[in-house]
Number of protein chains: 2
Amino acid sequence: MAQFTIALDAMGGDDAPSMVVGGVILAAERLLDTKFLLFGDKARLEPLLARHGGEGGGRIEIRHTDQRVSGDEKPSQALRKGRASSMGLAIEAVKQGEAVGAVSAGNTGALMALAKFALRMLPGIDRPAICTLLPTMRGQSVVLDLGANVECDAETLVQFAIMGEAFARVMLGIARPSIALLNVGSEEVKGHDIVREAAQRLRDTALPIDFKGFVEGDGIGKGDVDVIVTDGFTGNVALKTVEGTAKLIGHHLRSSFETSIWTKLSYLVARPAIEAARDHFDPRRYNGAMFVGLNGIVIKSHGGTDAFGFANAIGVAHQLAVANIDERITEDLRNFSAAAVGAAATGS
Amino acid sequence: MAQFTIALDAMGGDDAPSMVVGGVILAAERLLDTKFLLFGDKARLEPLLARHGGEGGGRIEIRHTDQRVSGDEKPSQALRKGRASSMGLAIEAVKQGEAVGAVSAGNTGALMALAKFALRMLPGIDRPAICTLLPTMRGQSVVLDLGANVECDAETLVQFAIMGEAFARVMLGIARPSIALLNVGSEEVKGHDIVREAAQRLRDTALPIDFKGFVEGDGIGKGDVDVIVTDGFTGNVALKTVEGTAKLIGHHLRSSFETSIWTKLSYLVARPAIEAARDHFDPRRYNGAMFVGLNGIVIKSHGGTDAFGFANAIGVAHQLAVANIDERITEDLRNFSAAAVGAAATGS
């Protein structure tokens with residue numbers, strides 16, 4: 001008997017539904033305690049499941065809908081007519097308590113809108129953030145917000161810090177993750193009012209959080225801290241700049257190895273080491289961003305991923321469900337508010 | 001007889017003054033039409049010049065001062081007491097018309113403050129921006145602002161676009177550079193009000209500028225456009241994220257080649273191609289950011305650069321002076337304003 005149920009939008013993503021079916025079969029092999037609800041077009045999903053070799057020991061169940069949210073649909077459109085779509089029904093399964101989490105590789109804006117509408121926010125949280133792991137020199141760091149909120153006030157950044165810390169404890173297994181705000185310099189006087197005010201609040205709290213102040217953009221790659229907090233505009237630009245730079249370097253490496261017959265041969269020799277290095281940046285390994293702050297686990301997979309990447313996104317949903325992430329965030333936030341009130345009362 | 005004179009802050013930068021002296025000697029070999037004023041401690045500069053092999057055919061002149069701006073000095077401190085420093089005097093030489101431009105590898109905030117105070121802005125420009133070239137898959141692109149203004153309104157972004165276009169014409173030799181605003185998505189509805197309003201103004205102008213709308217963070221590496229415009233907060237984070245990602249990838253490549261004797265040997269074989277690829281990202285090649293919008297050429301060199309990098313920063317100052325960058329910017333801006341007024345008058 002499965003302990004967890006995860007709902008999947010089978011129709012979202014560039015290579016859906018085939019990539020989703022491949023991913024759920026991979027995930028079913030790894031997550032033996034989990035059942036999967038596959039929302040989408042039954043006529044397409046059944047033969048794919050059969051071709052991919054079975055139904056995960058009876059733990060993969062197809063729930064038919066012929067509606068889907070397209071890639072260019074606006075959030076407002078998705079809210080009006082997307083609730084019976086594969087994406088909408090996967091979220092609804094979380095709302096109804098039938099599933100512990102939902103995973104979709106579809107339209108990010110639509111997924112956020114539908115999830116916010118159906119699940120609402122955790123108590124004390126004003127806005128959700130998109131949160132993921134990125135590779136660093138020390139291992140991995142949590143970065144948020146990656147694009148849910150293009151404008152954030154100081155209070156929102158503080159909430160993101162607390163949510164990011166809970167996410168890091170669960171995903172990185174660190175008891176007391178270090179936290180910093182992304183800024184244009186590490187000195188206290190740097191940056192705009194919002195980031196300075198957020199820093200002040202995080203410094204002032206009586207909670208035992210490990211707040212390190214500010215990090216700059218290169219702190220992401222260095223892994224200076226475990227959790228990097230920023231607004232959704234800056235975070236989205238930073239995330240995509242990481243992706244763009246990695247692609248650019250890959251491009252130049254390939255060109256350099258293609259300049260002559262000698263360099264082409266040298267590539268054959270160097271290939272194992274180069275591929276090992278490349279593995280560290282395989283975006284499929286880091287696939288699965290959480291919409292933290294919602295009352296329920298909703299994971300956004302990269303739209304262009306494959307079955308291996310999608311299975312990893314399902315793994316993120318599972319790991320967060322096992323650790324009861326939402327309860328942790330709620331409790332941390334309650335403690336933070338109590339500590340803030342306490343600090344104000346004692347005048348410290 | 002030298003046609004141009006460039007003023008140098010000999011005391012700014014991690015390895016100053018030795019790195020600056022090495023740089024100016026390299027530059028003097030390349031720029032035969034240029035004379036150099038070296039502001040700094042004569043007692044240290046003279047033996048360095050002699051050791052590096054001469055005085056650039058009599059075109060390097062030392063101007064003594066024993067004052068310097070330290071790395072941790074605040075802009076306000078620099079304004080109060082830095083005007084007789086090596087940095088302050090180099091800028092003063094530009095103000096007095098003795099030099100066409102100044103180059104410093106010292107404290108960025110102090111350099112900006114001193115330069116703004118002494119040189120003032122070009123007519124029609126509200127704020128200066130930090131502007132540089134970055135490597136892309138297609139070659140190089142201009143990015144600004146990299147940190148002069150952490151907050152920008154739409155009008156400021158429009159001015160940055162026009163200044164960036166002039167910079168691209170000079171530095172990249174493109175007759176009609178394409179321009180885009182950095183954003184979290186390429187659709188018109190994406191982003192915050194400021195970036196959308198700036199886009200609207202750039203779309204509405206009657207000027208023949210090649211405005212492409214929005215690019216995302218990965219557009220920097222792809223080289224989607226020739227000029228990428230953003231506020232100083234986002235631009236600074238993006239620039240440092242590029243640097244951090246390049247270092248992270250270099251780190252993983254090195255580790256991968258060090259895992260066994262076999263991979264170590266394979267590195268020897270692959271080395272020429274890897275070093276060729278690395279050359280594309282050599283920050284010394286892209287050294288020299290301009291403070292555009294000031295009434296005079298002021299170039300910021302990376303503080304940690306070496307003689308080769310500093311010589312490249314001097315080369316940027318020279319190239320911009322030869323092309324008369326400030327006059328071009330002023331004229332473009334005048335045309336833009338006239339076109340905007342014309343468009344408003346005809347109601348288009």
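Me: How many salt bridges does the rule count over all chains, and what makes a pair a salt bridge?
Reply: The count is 30 salt bridges over all chains. A pair qualifies when a side-chain nitrogen of Lys or Arg lies within 4 Å of a carboxyl oxygen of Asp or Glu. The model is predicted, so local features need pLDDT of at least 70 and side-chain atom pairs count only at pLDDT 80 or more, while totals for chains, interfaces and linings use all residues. Side-chain values use heavy atoms, with hydrogens and water left out; residues are numbered from 1 along each chain as its sequence is written, and chains are lettered from A and ligands numbered from 1 in the order in which they are written.

Me: Why is the contact of A:Lys222 and A:Asp218 called a salt bridge?
Reply: The N to O distance is 3.9 Å, and the rule asks for a distance within 4 Å, so the pair qualifies. Both residues lie in helix 8 (residues 218–222) of chain A, 4 residues apart, about one turn of the helix. Helices here are DSSP runs of H or I with at least four residues, strands are runs of E with at least two, and both are numbered from the N terminus.

Me: Is A:Asp218 buried or exposed, and how do you know?
Reply: Buried means under 20% relative accessible area, exposed over 50%, and partly exposed in between, with a 1.4 Å probe and protein chains only. A:Asp218 has 16% and is therefore buried, whereas A:Lys222, at 38%, is partly exposed.

Me: What makes the salt bridge of B:Arg201 and B:Glu155 a link between parts of chain B?
Reply: Their side chains meet at 2.6 Å, N to O. B:Arg201 lies in helix 7 (residues 193–204) and B:Glu155 in helix 6 (residues 154–172) of chain B, so the pair ties together parts that are 46 residues apart in sequence. B:Arg201 is partly exposed at 33%, and B:Glu155 is partly exposed at 30%.

Me: Which residues are joined into one network by salt bridges that share partners?
Reply: The network consists of A:Lys35, A:Glu61, A:Arg63 and A:Glu98. In chain B, B:Arg63 forms a salt bridge with B:Glu61, with the closest N and O atoms 2.7 Å apart.

Me: Why is helix 4 of chain B called mostly covered?
Reply: In helix 4 (residues 86–95), 7 of its 10 residues are buried, among them B:Met87, B:Ile91 and B:Val94. The buried residues pack against several elements of chain B, including strand 1 (4–9) and helix 5 (108–119); contact means heavy atoms within 4.5 Å.

Me: What makes strand 3 and strand 8 of chain A edge strands?
Reply: The open sheet holds 11 strands in the order 3-2-1-4-11-10-5-6-9-7-8, with mixed pairing. Strand 3 (60–64) and strand 8 (210–215) each pair on one side only.

Me: How do you know that strand 1 and strand 2 of chain A pair?
Reply: Two strands pair if DSSP finds at least two bridges between them. Strand 1 (residues 4–9) and strand 2 (residues 34–40) share 6 bridges in the parallel sense, so they pair. A:Phe4 stands opposite A:Thr34 in strand 2 of chain A.

Me: Why is A:Leu265 called partly exposed?
Reply: Its relative accessible area is 47%, so A:Leu265 is partly exposed. The residue belongs to helix 10 (residues 261–279) of chain A.
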